[in-house]
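Hi,

Here is the structure I said I would pass on to you. Have a look at it first, and then read my notes below.

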Amino acid sequence: MHRAGPIAFAWNAMTSTTSPSSDKIRPQLRPVRSSDAEALCAIFNKPGFRWGTFRMPFERVEQVERRIAKSGQETTWIVAEVDGKVVGHGSLVAQDSPRRSHIGEINIGVDDAFVGKGIGSAILGALLDVADNWRALKRVELTVYADNEPAIRLYTSHGFEIEGRHVKAGFTDGRYHDLLSMARLRF
C-alpha cells in the first residue's frame, strides 16, 4: 500500500525509456534479489513512501534482507529499475489456505522521485498478469489510505473496486486515517 500513488512478465524486452510526449517512464521489471535490500530500504525510508504504508520510520537494511530471504513460492516480488537504479517494487502474495487459495494480495510502492511517471502502473500490470495467467487467482485485493487519490485512481484504472471503508484504521503523522479495501474479481 502506498499513498504517493503509490511488468517484466507482461512486457517483453523492457528498457528504461521516457516518452517524448509525456513524463511516463517504461521501467525494466525483474524479480527481487537479496542484493536489492539496501536500495529498497532507502526507498522504504523516504517520507512520501513511508507516509502511505504501515512501515515504521528508520527501517534497517537487515530487516529488508530478512523479508527477502523469507519470501517463499507463494510470493511474486518484483522491482522496477530505471537506468539500473531500483525505483519501485511490488509483491503479489497468494493465500496458502485451501479455502482461500483463489486470493492474492498486492502491495506496491514507488520511490518518491518517480511517483506519477507510470512506474506503479507497470508494476501493478505485471503483478496482475502473474495473478491471471500464472496463478489463476480469481480475487486480488489490497488496502489503501482513503485520502490517497492518486493510488485509488491507479487501482481503479486496473479494475479494482472499493469494497469497504475501515474507519480510523491507519495511523500516520500523529493522526488516524480511514483505509479502503479494494479488490479486483475475475469469476
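Let's start with the largest pocket, which has a volume of about 360 Å³. A pocket here is an open set of points on a 1 Å grid over the protein atoms alone, where a 1.4 Å probe fits, with protein on both sides within 12 Å along at least five of seven lines; lining residues have an atom within 4 Å of a point. Grid points are joined across faces, edges and corners, and the volume is the space filled by probe spheres set on them.

Before you go on: this is a predicted model, with local features needing pLDDT of at least 70 and side-chain atom pairs pLDDT 80 or more, while totals for chains, interfaces and linings use all residues. Residues are numbered from 1 along each chain as its sequence is written, and side-chain values use heavy atoms, without hydrogens or water.

Back to that pocket: 15 residues line it, and Arg55, Arg67, His89, Ser91 and Asn107 lie nearest its centre. By class, the lining has six nonpolar, six polar and three charged residues (Ala, Val, Leu, Ile, Met, Phe, Trp, Tyr, Cys and Pro count as nonpolar, Asp, Glu, Lys and Arg as charged, the others, Gly among them, as polar). Strands β4, β5 and β6 each give at least two lining residues, and β6 has the largest share, with four. Strands (E, at least two residues) and helices (H or I, at least four) are DSSP runs, numbered from the N terminus.

Now the sheet. It is open, with seven strands in the order β3-β4-β5-β6-β7-β9-β8 and mixed pairing; two strands pair if DSSP finds at least two bridges between them. At the edges are β3 (28-31) and β8 (161-172), each pairing on one side only. β8 runs antiparallel to β9 (residues 175-185) over eight bridges. In that pair, isoleucine 162 has methionine 182 as its bridge partner, and histidine 166 stands opposite leucine 179. Two residues separate β8 and β9 in their hairpin, and aspartate 173 in the turn has a positive phi of about 55 degrees.

Last, two helices: the axes of α1 (residues 37-44) and α3 (residues 61-70) come within 9 Å and cross at roughly 115 degrees. Axes are lines fitted to C-alpha atoms, for helices over the stretch in contact (heavy atoms within 4.5 Å), and angles run from 0 to 180 degrees between N-to-C directions.

Cheers
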